[in-house]
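Please open the model in your viewer and keep the sequence panel beside it. The tour below goes from stop to stop, saying what to select and what is there.

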Amino acid sequence: MVYKFGPNEQCLRRCRAIVPVILRAAEEVTIQGVRVLVEHQDVVRPLMGWWQFTNRTAQALVSLYDQGYTVEAAPLMRNLMGHAYAMNWLADNGVPAVVALTDYWREHRRKLAKNVNETWNLPEPTPVPSAEPIVFANPESERIHKKLCGELKNFDTMVTAYGTADVYPVYRHQSAYSHTTGATADAFLIMDDGKLKFTTEPKGGEADVTAERLWIPVALLQAAAAISPMLTGHPMKSTIDKALGDLGLPRTLLNLQRSRPL
């Protein structure tokens, strides 16, 4: 039987059943210990951390949805989408992406330390990470680095680079619930016959997270597909293949490629 992925009850049931299967398979890989191909060691280090974060975020989302939380969980859904996509980006771009990530993270920590030192009265100032510039082999390497940093800092730029700009509106919708916008207020406000009323639970209920529940396994598969080929034996391959078939998902959703070279 060929399944069709979409917003229907049958697919929703399959998604809810497959998520724990993917998570158990990932946990088994981690518990058993992983062997990394030498050429991928530098890339797997951040990938492995992001993979654990992605899997635990999915677990948290399912738990929150099962308890009736919807808009409150939106920031986690945004994190799940962003990290799964970034894992694909990191795996695709290799060591130059790791350098970009390291540089961006150092910049973030440097700004945080300066902010703390400017606003907190500490006995000793917080150490500020070094701002030493990266030495590039040639102008082309520097150009690529700047482009990768731009993609990492801006999710819209990243998804556009991979020919999937249609992903960004979904991410932006989730972002509205991650910041202090009218969306987080409107979720609890109702106009009834000209009267403003409020509700103690968000409007819409379970229907509001149907799309999110459908996308959780997609994000988990994207994350697994990014890291598994870099591990000896490709340990998640059988789980990925079976899940794609069970959900009726195209393989083109995984291991995304740039629409144009760097």
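Two strands pair if DSSP finds at least two bridges between them, and the strands (E, at least two residues) and helices (H or I, at least four residues) named on this tour are DSSP runs, numbered from the N terminus. This is a predicted model, in which local features need pLDDT of at least 70 and side-chain atom pairs count only at pLDDT 80 or more, while totals for chains, interfaces and linings use all residues. Residues are numbered from 1 along each chain as its sequence is written, and side-chain values use heavy atoms, with hydrogens and water left out.

**First stop: the strands**

Select residues 189–192, which are strand β1, together with residues 195–198, which are strand β2, and you will see the two pair in the antiparallel sense over 4 bridges. Within this pairing, Ile190 stands opposite Lys197 in β2. Now move to the turn of the hairpin, where 2 residues lie between the strands and Asp193 takes a positive phi near 55°.

**Second stop: aromatic rings**

Rings of Phe, Tyr and Trp (its six-membered ring) pair if their centres lie within 6.5 Å, and planes under 30 degrees apart count as stacked, over 60 as edge-to-face and the rest as tilted. How many aromatic pairs does the structure hold? The structure holds 4 of them. Select Tyr85 and Phe155, whose ring centres are 5.6 Å apart and whose planes stand at 80°, so this pair is edge-to-face. Because Tyr85 lies in helix α3 (residues 74–93) and Phe155 in helix α6 (residues 155–161), the pair ties together parts that are 70 residues apart in sequence.

Tyr85 counts as buried at 4% relative accessibility, and Phe155 counts as buried at 9%.

**Third stop: charged side chains**

A salt bridge is a side-chain nitrogen of Lys or Arg within 4 Å of a carboxyl oxygen of Asp or Glu, and a search of the whole structure finds 12 of them. Select Arg258 and Glu151, whose side chains meet in a salt bridge of 2.6 Å, N to O. Arg258 lies in the segment after α10 (237–247) and Glu151 in helix α5 (residues 139–153), so the pair ties together parts that are 107 residues apart in sequence. Arg258 is buried, with a relative accessible area of 16%, and Glu151 is buried with 1%.

Next, select Lys242 and Asp246, which form a salt bridge whose closest N and O atoms are 2.7 Å apart. Both residues lie in helix α10, 4 residues apart, about one turn of the helix. Lys242 counts as exposed at 55% relative accessibility, whereas Asp246 is partly exposed, with a relative accessible area of 25%.

Finish by selecting Arg16, Asp66 and Arg213, which are linked in a network of salt bridges.

Technical notes: Buried < 20%, exposed > 50% of the residue type's maximum accessible area, 1.4 Å probe, protein only.
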